[in-house]
Amino acid sequence: MQFQQLQYFVAVAETRHFTRAAELVHVAQPSLSQQIKVLERELGADLFLRARGNITLTDAGEALLPLARRILADADTARHEVQELAQLRSGRVRLGATPSLCTGLLPDVLRAFHDRYPGVRLMIEEGGSHDLVRELARGALDLALVVLPLPTPSPALTTVELLREDLVVVSSPDAAGPGRGRRAVRVADLEGERLVMFRHGYDLRELTVAACRAEGFEPDFAVEGGEMDAVLGFVRAGLGVAVVPRMVAARSGQGLRVTPLARPGLDRTIALAHRSDVAPPRAAQELQRMLLER
């Protein structure tokens, strides 16, 4: 049974006329009649009673008609939904990102994407790079913004460098500035400072601790274990200082003193990752393009 045969059958059933049905579906009448006969042979039953000037449905035709209409309607719905996806009027993007990138980089890009494609659902998952890589590998995400180098390099992932971002020191304006109030501080100046530190598994935690140890000291934690919003809140409250991305510090606005790190400073490389063996969906590819062109 072919889809086209069902179209012809429904056209004849609705017009009760082979010639008018052929005109309706834009096919020659002999071709339409031939396909109806083929369909009847396949089904093993006549679908129409053909009397001169009078076409009526047999019992078999009556039984087939609602089924054929439903099949044609489902096919039309499928065609419409696929076209909607292809033209980015619907669909979804599952994007993973570290919390600092959700705070700093993503809001403007996601707003621009939503303005252009309001029918596409954006599903965001926050996590450390290690967790996001695992979610990508199991197919739970389409794209992820991760910090390079990856904690566990994976040949199954493709990464494209997106940006290099400077890190800065934030502190409460009501407390003494880090490095005795210098306009720029070195990592070594953080020795003796009480740090507000992120939870384990947080990329910024590993980077900051490694930088302090490279300068020959262990960082002193005033409080640890928070996500980005909590860390910034603790800093505003004067509990200590924290090392955060420049974009996050710029977005966080009031209530923070921002002190740059003197050269060579600290930075991190942000990359966009996706599975190598599966192309991202069309909507995810468009978001990827907007992130790379931002």
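Predicted model: local features only at pLDDT ≥ 70, side-chain atom pairs only at ≥ 80, totals over all residues.
View 1. Residues are numbered from 1 along each chain as its sequence is written, and side-chain values use heavy atoms, with hydrogens and water left out. A cavity is a set of points, on a 1 Å grid over the protein atoms alone, where a 1.4 Å probe fits but cannot get out, and lining residues have an atom within 4 Å of a point. Grid points are joined across faces, edges and corners, and a volume is the space filled by probe spheres set on the points. Look here for Leu195, Val196, Met197, Phe198, Thr208, Val241, Ala242 and Val243. Strand S7 (194-198) gives the most to this lining, with 4 residues; strands are DSSP runs (E, at least two residues) and helices likewise (H or I, at least four), numbered from the N terminus.

**View 2. The largest cavity holds about 40 Å³ of space.** Its lining includes Thr98, Tyr202 and Arg268. Helix H5 (99-104) and helix H9 (203-214) are the elements giving two or more residues to this lining.

**View 3. Helix H1 (residues 3-15) meets helix H4 (residues 59-86).** Their axes, lines fitted to C-alpha atoms over the stretch in contact, with angles run from 0 to 180 degrees between N-to-C directions, come within 9 Å and cross at roughly 120°. H1 and H4 are therefore oblique to each other (under 35 degrees is roughly parallel, over 145 roughly antiparallel, 65 to 115 roughly perpendicular and the rest oblique).

Conventions: 1 Å grid on protein atoms, 1.4 Å probe; cavity = no way out; pocket = protein on both sides within 12 Å on 5 of 7 lines; lining within 4 Å.
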